[in-house]
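Student: I would like to go through the labels attached to this model and see what each one rests on. Can we take them one at a time?

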Amino acid sequence: MLNIPNSLTLFRVALIPVFVVVFFLPFHWSGPVSAGIFALASITDWLDGYLARRLKQSSPFGAFLDPVADKLIVVVALVLLVSAHPYWWVAIAAAIIVGREITISGLREWMAEMGARQRVAVSTVAKYKTAGQMAAITIMLYRIPLAGFPVYLVGLALLFVSAALTLWTMAWYLHAAWPQMRSRG
């Protein structure tokens with residue numbers, strides 16, 4: 001069903017190739033513009049969920065596509081950032097975030113099959129983690145210092161905080177699912 005929230009989610013997916021092309025353009029403005037594209041995608045992530053609830057336009061297709069779109073753009077952005085800044089500390093933070101997303105997606109799918117998906121519903125801390133992660137990636141993509149202010153380093157610090165929250169939320173979800181996992185052993 002194509003409604004406003006699902007259209008926003010599809011728009012977010014369509015932004016990915018544009019984002020990649022802009023990121024690699026050899027112009028001084030490619031960083032700020034790719035950051036703007038990522039920020040726009042981040043805003044549509046929040047907006048599509050808000051509108052789905054507000055307009056009562058939630059759908060099974062939207063419930064499937066929204067988290068996939070979120071993970072796609074975040075993973076692509078992290079791969080691009082690691083390619084542009086190939087340092088072990090950036091790669092480790094990116095690997096933690098991507099690994100958690102894969103693990104929790106699989107866990108949620110498995111828990112849904114067991115009829116216990118609610119045990120691993122999105123937590124408040126996970127929402128803060130996502131907001132921090134989106135802000136960190138946007139800031140790192142911008143990468144141009146503002147009046148001598150080290151924008152990239154602030155984004156990197158925020159990425160580390162997001163990676164720590166990522167580990168915390170993964171541990172929380174695994175702990176919440178543990179009784180179900182043990183009983184199905």
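Predicted model: local features only at pLDDT ≥ 70, side-chain atom pairs only at ≥ 80, totals over all residues.

Student: How many aromatic pairs does the structure hold?

Tutor: The structure holds seven aromatic pairs. One of them is formed by F27 and W29.

Student: Why is the pair of F27 and W29 called stacked?

Tutor: Two values matter here. The ring centres of F27 and W29 are 5.1 Å apart, and rings pair if their centres lie within 6.5 Å. The planes of F27 and W29 stand at 10°, and planes under 30 degrees apart count as stacked. The pair of F27 and W29 is therefore stacked.

Student: Are these two residues buried or exposed, or in between?

Tutor: In between. F27 has 44% relative accessibility and W29 has a relative accessible area of 36%. Buried means under 20% and exposed over 50%, so F27 counts as partly exposed and W29 is partly exposed.

Student: What makes Y87 and W89 a stacked pair?

Tutor: The rings of Y87 and W89 are 5.0 Å centre to centre, with 0° between the planes. The cut-offs are 6.5 Å for pairing and 30 degrees for stacking, so Y87 and W89 form a stacked aromatic pair. Y87, W88 and W89 form one aromatic cluster.

Student: Why do Y87 and W89 count as partly exposed?

Tutor: Y87 is at 42% relative accessibility and W89 is at 33%.

Student: Now helix 2. Where do A39 and A41 lie, and are they buried or exposed, or in between?

Tutor: A39 lies in helix 2, and A41 has its place in helix 2. A41 is at 1% relative accessibility, and under 20% means buried, so A41 counts as buried. A39 is at 23%, so A39 counts as partly exposed.

Student: What separates A39 and A41 from residues elsewhere along the chain?

Tutor: A39 and I137 are 98 residues apart along the chain, and their C-alpha atoms are separated by 8.8 Å. For A41 and L8, 33 residues apart along the chain, the C-alpha separation is 8.9 Å.

Student: What is noted about the phi of K56, and why is K56 called exposed?

Tutor: K56 has a positive phi of about 55° although it is not a glycine. K56 lies in the loop between helix 2 and helix 3. At 73% relative accessibility, against a cut-off of over 50%, K56 counts as exposed.

Student: What about A147?

Tutor: A147 has a positive phi of about 50° and is not a glycine. Its place is in the loop between helix 5 and helix 6. A147 is at 87% relative accessibility, so A147 counts as exposed.

Student: How do you know that L2 is exposed?

Tutor: L2 has a relative accessible area of 65%, and exposed means over 50%, so L2 is exposed. L2 is found in the segment before helix 1. L2 and Q57 are 55 residues apart in sequence and 9.7 Å apart in space, C-alpha to C-alpha.

Student: Last, what is the volume of the largest pocket, and which residues are closest to its centre?

Tutor: The largest pocket has a volume of about 1600 Å³. It is lined by 43 residues, and D45, D66, P67, D70 and V122 are the closest to its centre. By class, the lining has 17 nonpolar, 13 polar and 13 charged residues.

Definitions and conventions. Residues numbered from 1 in each chain as written. Heavy atoms only, no water. 1 Å grid on protein atoms, 1.4 Å probe; cavity = no way out; pocket = protein on both sides within 12 Å on 5 of 7 lines; lining within 4 Å. Points joined across faces, edges and corners; volume = space filled by probe spheres on them. Nonpolar A, V, L, I, M, F, W, Y, C, P; charged D, E, K, R; others polar. Phe/Tyr/Trp six-rings, centres within 6.5 Å; stacked < 30°, edge-to-face > 60°. Buried < 20%, exposed > 50% of the residue type's maximum accessible area, 1.4 Å probe, protein only. Helix = DSSP H or I, 4+ residues; strand = E, 2+ residues; numbered from the N terminus.
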